[in-house]
Amino acid sequence: RADLQSEAVAFTANYSTDAAEVYYNSSLAAWNYQTGISEENLNAMNAENVKSAAFTKMYGEQAKAEFPDTSKLEESERRQIDSIKILGTANLNEADLNQYNDLTGGMEATYSTATVTMPDGRVLNLDPDLTALMATSRDYNELKYAWKGWYEAAGRPIRDDYESFVTLSNKASVADGFADTGEYWRSWYEMNGQLEATVDALWAELQPLYTELHAYVRRKLYEKYGSNYINLKAPIPAHLLGNMWAQQWGNIYDLVEPYSGKTGVDATPAMQSQGYDAMKMFKTSEEFFVSLGLDKMTDEFWANTMFVKPTDRDVVCHASAWDFYNKVDFRIKMCTVVNMEDLITIHHEMGHIQYYQQYKDQPIPFRGGANPGFHEAVGDTLALSVSTPKHLNKIGLLDEVEEDDEADINYLLSQAMDKIAFLPFGLMIDKWRWSVFSGDTPKAKYQEKWDQLRKDLQGITPPVERDGTTDFDPGAKYHVPANTPYIRYFVSFVVQFQFYQSMCNASGHQGPLYKCDFYQSKEAGAKLQKMLELGSSKPWQFAMNEITGSADMSTLALQEYFSPLTAWLKQKNLENGDTPGWTDMDWRP
Ligand SMILES: O=C(CCC(O)(O)[C@H](Cc1ccccc1)NC(=O)c1ccccc1)N[C@@H](Cc1ccccc1)C(=O)O
Ligand SMILES: [Zn+2]
């Protein structure tokens, strides 16, 4: 009915006007807490959160009362009002909401301030100390000590709080009509309950490549650490992969490099010798986006971003990108270290900011990614281009480029150590969490379920025995205490290759996909921009079709990108007499 439609237009317009102010205030309070961890700032953040919850509840209930049936409305108003009807934690009464906020704020503070005291007395934080140790130490026992210390310091203290948090989170999701919080999170992908089946199918296509890489790396670790610590038919000890969670293996590339003497793939030495600082790294990233015809960062971005870890207070160092919902104030919070890994992370975070800027004129309910995986994929897509030896050479971070097969294998292996290694990790975090929210995994089985997924999906085993009644390893990975969903990264690692392939084609690239650098291509930028400016105003399948010409997630682009390496790994594993996979499931180092 025309009058219902015009009512809906007025209602959603009022919502966006009011929401911009409310969300600005709650975002700013959250920013102040994360960049200044203190009781005072936690209380101020929670007070603002109570106000924004009251706002969400007021509009949500009005939407349910005035528009019980949205099916007759135009698509834009229907999607906006359906979204406004979901209250989330605003469903909770004040006592429950305060407990929920104290639990989540406390768990994030525990994670962000945990330290490990080494045998020699050094007190190490995660960022930058333990991150650097896990990346650079090749001492089996030093790595084991740091790994054990971190998981005990960050995970164990929040095991009980996490159970309480789950109960309250589910209470809110059930009030919105979901079975549990896991189902609520999966609903963002608009796949009629098929998200898990879809990601399982994508993983089935990629698991053979992961298993070949795993076997090759296991062989190299065997050569380094010996048969006491590595079993060629068993999972790999979790602390030897260069990363606290074994989620990306790029930091042990030096142990696996196929052909030595070729130009390096790591720009860190050049960055450091050329006196790069955080600001120079951010400006380098901005320049790449602008070269595609995308937006510069705003003045507010440069004025308000936290570039490096402050020395005078505790902060949440885990990187993040912030939208203050006023079309100009966008910020990154990051404890930047001058190395290649952080240059890539800066592109990742800048990708979030670009998305914010491209959809800033959408109504508030549409200021999000087409799906959460798309938001994670923007920066990484550009980073695929930036990482090419050709591009690094162009910007003076690599002295010369060899055009030969061996140098190409070196490059593809270093990319696989970050991109292929990540896939089972990106899948397993929410496999674990969905099972916890659904009740399949009660507290008594938190650790056991985690270990089983680590072993089955990643082929990784803890370096020391785990105790299911006290250990809580999931709590030692940021996104669990920070309550940030994770399947988005698995989705991103698949779709970023589709976006990259499509932008490469638009740029007129000829030759192997992995050599494509679409730097300065306005055609590539236009392709990406058409998808970014939609925000979440259309289902992600529509946005996917905009940028790639097909509506589905597909692993074909990723498989094409790595195809020379896939053949090489199979050949190498055959030569080494290694059987990909891990059958000695009960082996321990
Ligand atoms: O966590 C991150 C990067 C941080 C972030 O940019 O994804 C950040 C996480 C976060 C922090 C606080 C609250 C919520 C989420 N996400 C954002 O800043 C963000 C999220 C959604 C929309 C816009 C920005 N990366 C993941 C996975 C990853 C991604 C890419 C390369 C390597 C690893 C990790 O480190 O395990
Ligand atoms: Zn991100």
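## Disulfides

Counted along the chain, the bonded cysteines of this protein pair in the pattern 1-2, 3-4. The model is predicted, so local features need pLDDT of at least 70 and side-chain atom pairs count only at pLDDT 80 or more, while totals for chains, interfaces and linings use all residues. Residues are numbered from 1 along each chain as its sequence is written, chains are lettered from A and ligands numbered from 1 in the order in which they are written, and side-chain values use heavy atoms, with hydrogens and water left out. A search of the whole structure finds two disulfides, a disulfide being a pair of cysteine sulfur atoms within 2.5 Å.

One disulfide joins C317 to C335, with 2.0 Å from S to S. C317 lies in the loop between α13 (299–304) and β4 (320–323), and C335 in the loop between β5 (330–333) and α14 (340–358), so this pair ties together parts that are 18 residues apart in sequence. Helices (H or I, at least four residues) and strands (E, at least two) are DSSP runs, numbered from the N terminus. The torsion about the S-S bond of C317 and C335 is about -90°, so the disulfide is left-handed. C317 is buried, with a relative accessible area of 11%, and C335 is buried at 6%. Here buried means under 20% relative accessible area, exposed means over 50%, and partly exposed is in between (1.4 Å probe, protein chains only).

The other disulfide is formed by C504 and C516, whose sulfur atoms are 2.1 Å apart. C504 lies in helix α19 (residues 487–506) and C516 in the loop between α19 and α20 (522–532), so the pair ties together parts that are 12 residues apart in sequence. With -100° about the S-S bond, the link of C504 and C516 is left-handed. C504 is buried at 0% relative accessibility, and C516 is buried at 0%.

## The zinc site and helix α14

Which residues coordinate the zinc ion (ligand 2)? H348 (NE2), H352 (NE2) and E376 (OE) do so, at 1.9 to 2.0 Å. Donors are N, O and S atoms within 2.8 Å of the metal (3.2 Å for Na, K and Ca); water is not among the atoms, so sites may look incomplete. Along the chain, the donors of the zinc ion follow the spacing H-x3-H-x23-E. H348 and H352 both lie in helix α14, four residues apart, which is about one turn of the helix. Both H348 and H352 are buried.

Helix α14 also holds I353, which is buried at 0% relative accessibility. Not counting residues up to four places away in sequence, I353 touches M297, F301, A321, W322, F330, R331 and I332; contact means heavy atoms within 4.5 Å. I353 and H375 are 22 residues apart along the chain, and their C-alpha atoms are separated by 9.5 Å.

## Helix α7

Helix α7 (residues 159–175) has 17 residues and reaches 25 Å from its first C-alpha to its last, close to the 24 Å expected at 1.5 Å a residue. The expected span is 1.5 Å times one less than the number of residues.

In α7, the buried residues are R159, Y162, F165, V166, L168, S169, N170, A172 and S173. What covers them includes α4 (94–113), α6 (140–155), α8 (181–187), α17 (405–437) and α18 (446–458). Just after α7, G177 takes a positive phi of about 95°.

## Backbone exceptions

Most residues other than glycine have a negative phi, and most peptide bonds are trans. E190 is not a glycine, yet it has a positive phi of about 45°. E190 is found in the loop between α8 and α9 (195–225) and is partly exposed, with a relative accessible area of 33%. K327 is not a glycine either, and it has a positive phi of about 70°. K327 is placed in the loop between β4 and β5 and is partly exposed at 37% relative accessibility.

A cis peptide bond joins D127 and P128, with omega about 15°. P128 is found in helix α5 (residues 126–136).
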